[in-house]
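Subject: Structure handover

Hello,

Please find the structure below. My notes on what was found in it follow.

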Amino acid sequence: MTAQLRTVRQLGDPILRRVAQPVDGIDDRLLTLIDDLIWTAEKTNGVGIAAPQVGVSQRVVIVASRPNLRYPHAPLMEPTALINPEIVARGDRRSEGWEGCLSVPDQRGPVWRHDEVEVCYLTPAGEIRQAVFTGFVARVLQHEYDHLEGVVFVDRVTDPQRLLSEADYFAQLTPAPAK
Ligand code: ZN
């Protein structure tokens, strides 16, 4: 069976504001959802996605950092599905970094996140795992976890006046061509 591209819900859809329900069992429907989420993140140049973003109010997130058109400097990792994730520890250090969201097209904004988080979750095979995420991957995890709580990154933007269109964001990043 091949994974399907799912429609990504956009800001304003009430499902993005709901607290998602815990997963109470791993079945074929859930595994299909996970395959579809990984596929949808890849096809839309995401580095992560949460189930509520495709209209499923359940506690499942994908963290799938890789360099792509939207995040050219993202580190490469295997896509990881986290079922019922819990952030069990947060490092003291925080950094401000630019975020975007598949549910908020064409916007980037600066958000403070912990540089390191420890997360406990269930794998699709039903195993309990505890893992430490750092740097950009920790940022992605915190962003996706927020989606399970009905929080969108624009809620956390340090200063809404610093929100940028993607075009302006990339223009700021790209050094002027040498003469
Ligand atoms: Zn998002």
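This is a predicted model: local features need pLDDT of at least 70, side-chain atom pairs count only at pLDDT 80 or more; totals for chains, interfaces and linings use all residues.

Residues are numbered from 1 along each chain as its sequence is written, and side-chain values use heavy atoms, with hydrogens and water left out.

Asp-146 and its surroundings

Asp-146 sits in helix H2, residues 135–148 (helices are DSSP runs of H or I with at least four residues, strands are runs of E with at least two, and both are numbered from the N terminus). Its side chain makes a polar contact of 2.6 Å with the side chain of Arg-156. A polar contact here is a pair of N or O atoms within 3.5 Å; within protein, one must be able to donate a hydrogen and the other to accept it, and residues adjacent in sequence count only if both atoms are side-chain atoms. Leaving aside residues up to four places away in sequence, Asp-146 touches Arg-113, Val-151 and Arg-156 (contact means heavy atoms within 4.5 Å).

The zinc site

Which protein atoms are donors of the zinc ion? They are SG of Cys-101, NE2 of His-143 and NE2 of His-147, lying 2.1 to 2.2 Å from the ion. Donors are N, O and S atoms within 2.8 Å of the metal (3.2 Å for Na, K and Ca); water is not among the atoms, so sites may look incomplete. The spacing of the donor residues in sequence is C-x41-H-x3-H. Cys-101 belongs to strand S4 (residues 94–101) and His-147 to helix H2, so this pair ties together parts that are 46 residues apart in sequence.

Cys-101 and His-147 are buried; for His-147 the relative accessibility is 1%. Not counting residues up to four places away in sequence, His-147 touches Arg-18, Ala-50, Pro-52, Gln-53 and Cys-101. Arg-18 is 129 residues from His-147 in sequence, with a C-alpha to C-alpha distance of 8.6 Å.

The sheet and its helices

Five strands form an open sheet with antiparallel pairing, in the order S1-S2-S3-S6-S7 (two strands pair if DSSP finds at least two bridges between them). Strand S1 (48–50) and strand S7 (128–134) are the edge strands, each pairing on one side only. On average, neighbouring strands of this sheet are turned by 40° against each other, direction ignored. Axes are lines fitted to C-alpha atoms, for helices over the stretch in contact, and angles run from 0 to 180 degrees between N-to-C directions.

Strands S3 (residues 80–90) and S6 (residues 116–122) pair in the antiparallel sense over five bridges, and Ile-83 stands opposite Leu-122 in S6. Helix H1 (residues 28–43) packs on the sheet and touches S1, strand S2 (60–63) and S3, its direction making about 35° with that of S2. H2 packs on the sheet as well, touching S1, S2, S3, S6 and S7, and its direction makes about 160° with that of S2.

Aromatic pairs

The structure holds three aromatic pairs. Rings of Phe, Tyr and Trp (its six-membered ring) pair if their centres lie within 6.5 Å; planes under 30 degrees apart count as stacked, over 60 as edge-to-face and the rest as tilted. One of the pairs is Tyr-71 with Phe-136, which is tilted, at 6.0 Å centre to centre and 55° between the planes. This pair links distant parts of the chain, 65 residues apart: Tyr-71 is in the loop between S2 and S3, Phe-136 in helix H2. Tyr-71 is buried at 10% relative accessible area, whereas Phe-136 is partly exposed at 25%.

The ring centres of Tyr-169 and Phe-170 are 5.2 Å apart and their planes stand at 65°, so this pair is edge-to-face. Tyr-169 is buried at 11% relative accessibility, and Phe-170 is partly exposed with a relative accessible area of 21%. Ring pairs link Trp-98, Tyr-169 and Phe-170 into a cluster.

Backbone angles

Most residues other than glycine have a negative phi. Asn-45, in the loop between H1 and S1, has a positive phi near 60°. Asp-106 has a positive phi near 65°; this residue lies in strand S5 (residues 104–114) and is partly exposed at 43% relative accessibility.

Regards

Note on methods
Buried means under 20% relative accessible area, exposed over 50%, partly exposed in between (1.4 Å probe, protein chains only).
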